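Look at the chain as a whole before turning to its parts.

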Amino acid sequence: MATNGAALSRPLGLLAELTHRCPLGCPYCSNPIALDPRGDELDAATWARVFREAAALGVLQVHLSGGEPASRRDLVDIMRSARDAGLYTNLITSGVGVTPKLLGALADAGLDHVQVSIQDSEQKSADHIAGYEGAYARKRALAAEVVAMKIPLTVNVVVHRANIARIEEQVALALDMGAARVEIAHVQYYGWALKNRAALMPTREQVDAAVKAVEVLRARHHGRIVIDAVVPDYHARFPKPCVGGWGRRSLNVTPAGKVLPCHAAESIPGLEFWSVRDHPLEEIWTSSPAFNAFRGTDFLPELCRTCDRREVDFGGCRCQAFALTGDARATDPVCHLSPHHRLVEELAVVQEDRVYSYRRM
């Protein structure tokens with residue numbers, strides 16, 4: 001069991017991608033370029049086994065995601081099996097397809113939390129970004145049902161050039177929807193989002209204004225709502241830790257059953273991903289070649305191995321390092337000390353007003 005010098009920890013969270021099917025066409029979709037077809041999706045019985053194995057491994061919470069989880073007709077059975085395994089359940093939904101009847105069945109089965117994505121605080125803009133007319137209204141309606149059922153609600157706003165100027169309005173919307181938390185999540189430029197990077201990239205001035213706005217709003221709404229936000233990668237001085245460190249805190253199971261150290265890991269060629277169809281989850285966590293590829297810091301270049309932040313950000317994101325340099329072991333170019341940092345600086349000032357390339361399955 002190679003861990004690159006890292007003491008092997010236990011995962012706390014599991015992202016369960018139940019399907020890649022989704023009614024929206026978001027231009028920043030974080031799912032892989034090659035989507036898993038419906039016929040390859042794990043069945044409910046296999047998911048139930050995965051959840052039991054996850055709980056035995058130490059996982060405390062499962063995020064039921066997609067695509068749109070409501071595309072699965074057996075969603076209630078899948079969610080119930082997660083609860084039966086003793087896991088805290090969080091439904092991550094576009095809001096399209098979760099009817100009041102389905103939400104009620106999920107609540108009766110013990111659903112703990114719901115996260116709804118919002119594309120913008122303005123209906124016309126939100127529907128345009130989602131590539132789905134009427135999506136905004138459906139999201140608002142679902143949020144009202146969630147709050148009425150007294151299920152905790154988080155609103156997730158993916159931020160980019162088209163909506164970054166409305167941070168205050170988006171937080172106000174989350175409050176109006178009854179959310180206890182709002183995530184200001186800047187676009188991550190992997191997979192499909194790379195196709196739209198120039199159309200989505202905010203300016204430095206927009207980012208600076210947004211950072212200031214978040215500081216003011218946190219003070220103004222302290223005690224009313226939690227506001228999670230970080231500086232977007234291409235405008236940051238240091239990189240974020242890759243999912244808290246590659247293979248340290250979480251794992252992701254794709255619709256077809258492959259287990260990934262992070263959501264975008266399939267963008268790195270040459271990694272060998274084991275499947276829950278062939279291996280128990282604990283064996284995958286401890287022995288999978290993909291999980292052990294970038295654990296710890298021994299694999300990093302000397303620049304990172306001798307840096308005081310090596311156990312803070314672990315050299316940054318492996319997928320981003322590969323996307324920008326072609327080398328997944330390189331220092332994440334977001335770091336201002338990286339010899340490739342100029343690539344980020346150059347891309348961060350490329351903004352184009354052009355039609356989105358929407359994601360369709």
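A residue counts as buried under 20% relative accessible area, as exposed over 50%, and as partly exposed in between, with a 1.4 Å probe and protein chains only. By that rule, buried residues make up 54% of the 361 residues in the protein chain. This is a predicted model, in which local features need pLDDT of at least 70, side-chain atom pairs count only at pLDDT 80 or more, and totals for chains, interfaces and linings use all residues. Residues are numbered from 1 along each chain as its sequence is written, and side-chain values use heavy atoms, with hydrogens and water left out.

Start with the fold. The chain has 14 helices and 9 strands. The radius of gyration is 20 Å, close to the 21 Å that the globule rule gives for 361 residues, so the chain is as compact as a globular protein of that length. Helices (H or I, at least four residues) and strands (E, at least two) are DSSP runs, numbered from the N terminus. The radius is taken over C-alpha atoms, and the globule rule is 2.2 Å times the number of residues to the power 0.38. Along the principal axes, the C-alpha atoms fill a box of roughly 55 × 50 × 40 Å.

Contacts come next. A contact means heavy atoms within 4.5 Å. Take the contacts between residues at least 6 apart in sequence: 73% of them join residues at least 24 apart.

Now go to helix α6, residues 167-177. Its buried residues are I167, Q170, V171, L173, A174, L175 and M177. They pack against β4 (113-118), α5, β5, β6 (181-186), α8 (204-220) and β7 (226-229). G178 follows α6, with a positive phi near 90 degrees. Helix α4, residues 123-130, has the buried residues S125, A126, D127, I129 and A130. What covers them includes α5. After α4 comes G131, and its phi is positive, near 70 degrees.

Two loop glycines can be set side by side. G223 lies in the loop between α8 and β7. G223 is exposed, with a relative accessible area of 76%. Its C-alpha atom is separated by 9.5 Å from that of A180, 43 residues apart along the chain. G110 lies in the loop between α3 (100-108) and β4. G110 is buried, at 18% relative accessible area. Leaving aside neighbours within four places in sequence, G110 is in contact with M79, R83 and T89. From G110 to W246 the C-alpha distance is 31 Å, across 136 residues of sequence.

Backbone geometry deserves a look. Most residues other than glycine have a negative phi, and most peptide bonds are trans. The peptide bond from G66 to G67 is cis, with omega near 15 degrees. G67 sits in the loop between β2 (61-65) and α2 (75-84). K150, a residue other than glycine, has a positive phi near 60 degrees. K150 is in the loop between α5 (135-148) and β5 (153-159), and is exposed, with a relative accessible area of 75%. F314 also has a positive phi, near 55 degrees. F314 is in the loop between α12 (310-313) and α13 (318-325), and is buried, with a relative accessible area of 8%.

On a 1 Å grid over the protein atoms alone, a cavity is a set of points where a 1.4 Å probe fits but cannot get out; a pocket is an open set with protein on both sides within 12 Å along at least five of seven lines; lining residues have an atom within 4 Å of a point. Grid points are joined across faces, edges and corners, and a volume is the space filled by probe spheres set on the points.

The second largest pocket has a volume of about 190 Å³. It is lined by 15 residues, and the closest to its centre are P32, G191, A264, E266 and S267. The lining of this pocket divides into 9 nonpolar, 5 polar and 1 charged. Here Ala, Val, Leu, Ile, Met, Phe, Trp, Tyr, Cys and Pro count as nonpolar, Asp, Glu, Lys and Arg as charged, and the others, Gly among them, as polar.

The structure holds 2 cavities of 30 Å³ or more. The largest cavity has a volume of about 40 Å³. Its lining residues include V159, H186, Y189, M201 and D233.
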